[in-house]
Amino acid sequence: MGILHEDMVVISQEEKEGDPTVITVNCPDKTGLGCDLCRIILLFGLSICRADFTTDGKWCYIVLWVVGKPNTRWNLMKKRLLEVCPSYFSTSGMDYYRLQNQQPRPLDVFLLKFWSSYDRAGLLHDVTEVLCELELTIKRVKVSTAPDGRVMDLFFITDTRELLHTKRRKDETIHHLEAVLGDALISCDIDVAGPEITACSQGSPYLPSEIGEEMFSLELPDKNFNGFLASSSISITMDNKLSPSHTLVQILCWDHKGLIYDIMRTLKDYNIQISYGRFFANPKGNCELDLFIMQADAKKIVDPSKQDALRSRLKMELLHPLRVAVVSRGPDTELVVANPVELSGRGRPLVFHDITLALKLLNIRIFSVEIARHMIQDREWEVYRILLDEGVGSSLPRNKIEVSVRNILMGWDKSR
């Protein structure tokens, strides 16, 4: 008979302040399910401090201990987690794998356009935060500052709830923007973005030459490079002796925001299935991860070259999950952040939210923004190019801007 659909995800909130919330997922399995679940947890601003997961290839049982925001909308989060769980009826075996490989229908893209009478540090972050709370996903942004100081913002967005075509949803969005922008808001409109508008909104297909190839390099640095941890800070070992059917991967590393997601998306891209795993992060930030994995053909990874490739890729994703650089665009300063895109076409969530938060904390205003996707070294990247205002931020060393943005993106404290 199975279990009721709503019982596939159970969220048990902490009994006392400071305790983690426990999320239990009990549902049919699919390759990449762990990645999809971890992405949603990251999207809601939570961190995983412990995890246990097991599967027999058809059914899985996952327990996640999460910490983070006290105002988390748990009911909404449960709904989003349920949406990525394969249906109970898929266990009948009928068209199961075909259904899992089908791509979902792309969401309609809307253009949110508003004028504000003046700019201020943090304005773009405040707007971004509102859109995230409303479950509106930002695909592209164009920000322009007029000579008289007025600002025009163009946000190309999709709606997770698929309701932005309705007057009620549009009014709700505009109401929240009015609340955060106040008297500065001059006008605000939301319309479906036709193909001609979307085409005109595309950023430049070329990246500035100042962004060296090392920013997108897939080679591991031998030492601490430009604010990242050295590769020696990560240990990844593989063993084929402990299990007759699985390869054991043991990872020791330093914690960062979205760490489990970065590991899971890498394994998903390699089409590798996890049969059993456990993760633990201590309060000091040291992480231990054990994974029993197998390839798509249900065999162990015995080829040394395949082991080396997977080990190298995992190390790179733990060292460089995001790329950050501050470069010159003529006489101006440009912040560039590159976000790797999953083979499924999705990038890490909340990247633009964290970028704008870091600049708000530095009291740096944003002059313009371009978001575009680029194929670099046979890999797709979501690249954020933010032209910084020449005001207050110009007095800050570029290295400080770069490190501050990276620390927010990685979830590290200022002392790190």
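Analyst: A search of the whole structure finds four cavities of 30 Å³ or more. A cavity is a set of points, on a 1 Å grid over the protein atoms alone, where a 1.4 Å probe fits but cannot get out, and its lining residues have an atom within 4 Å of a point. This is a predicted model, in which local features need pLDDT of at least 70 and side-chain atom pairs count only at pLDDT 80 or more, while totals for chains, interfaces and linings use all residues. Residues are numbered from 1 along each chain as its sequence is written, and side-chain values use heavy atoms, with hydrogens and water left out.

Two or more lining residues come from each of helix H1 (33–43), strand E3 (46–55), strand E4 (59–68), helix H7 (259–269) and strand E11 (273–281). Helices (H or I, at least four residues) and strands (E, at least two) are DSSP runs, numbered from the N terminus. H1 supplies the largest share of this lining, five residues.

The second largest cavity has a volume of about 100 Å³. It is lined by 16 residues, of which Asp119, Arg120, Leu123, Leu124 and Ile366 lie nearest its centre. Helix H4 (123–133), strand E7 (151–159) and helix H9 (351–361) each give two or more residues to this lining.

How values were computed: On a 1 Å grid over the protein atoms alone, a cavity is a set of points where a 1.4 Å probe fits but cannot get out, and a pocket is an open set with protein on both sides within 12 Å along at least five of seven lines; lining residues have an atom within 4 Å of a point. Grid points are joined across faces, edges and corners, and a volume is the space filled by probe spheres set on the points.
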